[in-house]
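Here is a short note for a colleague who has not seen this structure before. The points below can be read alongside the model.

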Amino acid sequence: AKSIYRLYKEDRKRLEDARSYAIKTFSDPHIESYTKIKASFTLALIYCLLHKLTSDIDEKIVFELRAIEHAYLALISGKNMLIFIKNDRVDSAFSLLFEICDSFISRPEKAKEYHPTFQKALDIIKFLNELRRTFSRYL
């Protein structure tokens, strides 16, 4: 999944395939937790890319919600800064996650409807900013 989304960032069909592979890994009950966290991080980035490729507002919101949920699981709930730092395309991942959270937060009409996700988006932005300050030489 990771190779596909890195090579075909603007190919929706291939991104959908990558999403399917990552979902299978994430959903497999026999996979260890660290691998699930990595799959969740990959899914977050795939949803960010799919979000960029669609103009349908309802679909954008679905991609935002899923990206935020998976990013939160991988970065905040998993308390895993290393997954982010070890990513060899840190700038790109940082930008994608920041943009998706900012996009979601910028629609205040959705804040009430999706309050837990709204708070998660704020937490991710806070985490990314802290990460930027702490590991500025990597970002």
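1. A residue is called buried under 20% relative accessible area, exposed over 50%, and partly exposed in between (1.4 Å probe, protein chains only). K2 has a relative accessible area of 41%, so K2 is partly exposed. K2 is found in helix α1, residues 2-7; helices are DSSP runs (H or I, at least four residues), numbered from the N terminus. Between K2 and F41 there are 9.9 Å in space, C-alpha to C-alpha, and 39 residues in sequence.

2. This is a predicted model: local features need pLDDT of at least 70 and side-chain atom pairs count only at pLDDT 80 or more, while totals for chains, interfaces and linings use all residues. Residues are numbered from 1 along each chain as its sequence is written, and side-chain values use heavy atoms, with hydrogens and water left out.

3. Leaving aside neighbours within four places in sequence, C101 is in contact (heavy atoms within 4.5 Å) with I68, A121, I124 and I125.

4. F104 and F118 are both buried. F104 lies in helix α6 and F118 in helix α8.

Methods. Helices (H or I, at least four residues) and strands (E, at least two) are DSSP runs, numbered from the N terminus.
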